[in-house]
Amino acid sequence: MNTDNVVKHLRALWRTDRIIADIRLRHLLVGLGLRVFAALIAAFGLLMLELSAYFALVQIWSAIAAAAILGAVNFAIAAVLFVIAGRAPSGRDIELANEIHGASIEALQLEARALQAQVSGAVHHPLSTIVPVLVPLIAIIVKSLRKTAKEPAAATSAEARS
């Protein structure tokens, strides 16, 4: 397991999650804006229908037909805007971001499996993890034992000379 790879994959995962969230937020904002505009047009359509009812009471045909047609057109425009607002986000951007997200998740899972294999190998074969630490430690102990063995030998040879 390489910690640099884990950090790289986590960074890619974080960036793609941020890109996906940004794409979805932009889509929601555009959809919300279009829905608000459609609601405004629908309100004008309703106003025109009410105005047409008023004109129906005041006059019989000319103003009534014009207001009713205008109200129907406003409702048709509002319906088209609602359909456009309900569309899915652009496929290419979100598809690419989802693909990178999936690759990052797979790479992190691979790194996690490698770590699990190392840990389970250390648990099943503890000497394999201890040996790299033990060899230098044994060398240090042997050197210190040689020094202590030389010191009494030098002391006894000095006593024998005197």
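Q: Among contacts in the protein chain between residues at least 6 apart in sequence, what share joins residues at least 24 apart?
A: That share is 81%. Bear in mind that this is a predicted model.

Q: How confident is the predictor, on average, over the protein chain?
A: The mean pLDDT of the protein chain is 76, and 72% of the residues score at least 70.

Q: Which elements have the lowest and the highest mean pLDDT?
A: Helix α4, residues 126-161, has the lowest mean at 67. The highest belongs to α1, at 82.

Q: How many helices and strands are there?
A: The protein chain has 4 helices and 0 strands. Read from the N terminus, the order is α-α-α-α.

Q: What fraction of the residues is buried?
A: Of the 162 residues in the protein chain, 16% count as buried.

Q: Which residues make up the largest nonpolar core?
A: Five positions form this core, namely Ala38, Ile41, Ala42, Ala78 and Leu81, so each of them is under 20% relative accessible area.

Q: Which elements give two or more residues to this core?
A: Those are α1 (3-58) and α2 (62-85). Helix α1 gives the most, with 3 residues.

Q: What does Ala38 touch, leaving out residues up to four places away in sequence?
A: Ala38 touches Ala78, Leu81 and Phe82. Of these, Ala78 and Leu81 are listed in the core along with Ala38.

Q: Switching to Ile69: which helix is Ile69 in?
A: Ile69 sits in helix α2.

Q: Buried or exposed?
A: Ile69 counts as exposed because its relative accessible area is 55%, and the cut-off for exposed is over 50%.

Q: How do nonpolar side chains tend to sit in general?
A: In soluble globular proteins they tend to be buried together. Ile69, at 55% relative accessible area, is exposed here.

Q: How many salt bridges does the count come to?
A: The count comes to 1 salt bridge. The side chains of Arg26 and Asp22 meet in a salt bridge, with an N to O distance of 3.3 Å.

Q: Where do Arg26 and Asp22 lie relative to each other?
A: Both are in helix α1, and because they are 4 residues apart, about one helical turn separates them.

Q: How accessible are Arg26 and Asp22?
A: Arg26 is partly exposed at 45% relative accessibility, and Asp22 is partly exposed at 37%.

Notes. Residues numbered from 1 in each chain as written. Predicted model: local features only at pLDDT ≥ 70, side-chain atom pairs only at ≥ 80, totals over all residues. Heavy atoms only, no water. Core = buried A, V, L, I, M, F, W, Y, C linked by side-chain atoms within 4.5 Å. Buried < 20%, exposed > 50% of the residue type's maximum accessible area, 1.4 Å probe, protein only. Contact = heavy atoms within 4.5 Å. pLDDT = per-residue confidence, 0-100. Salt bridge = Lys/Arg side-chain N within 4 Å of Asp/Glu carboxyl O.
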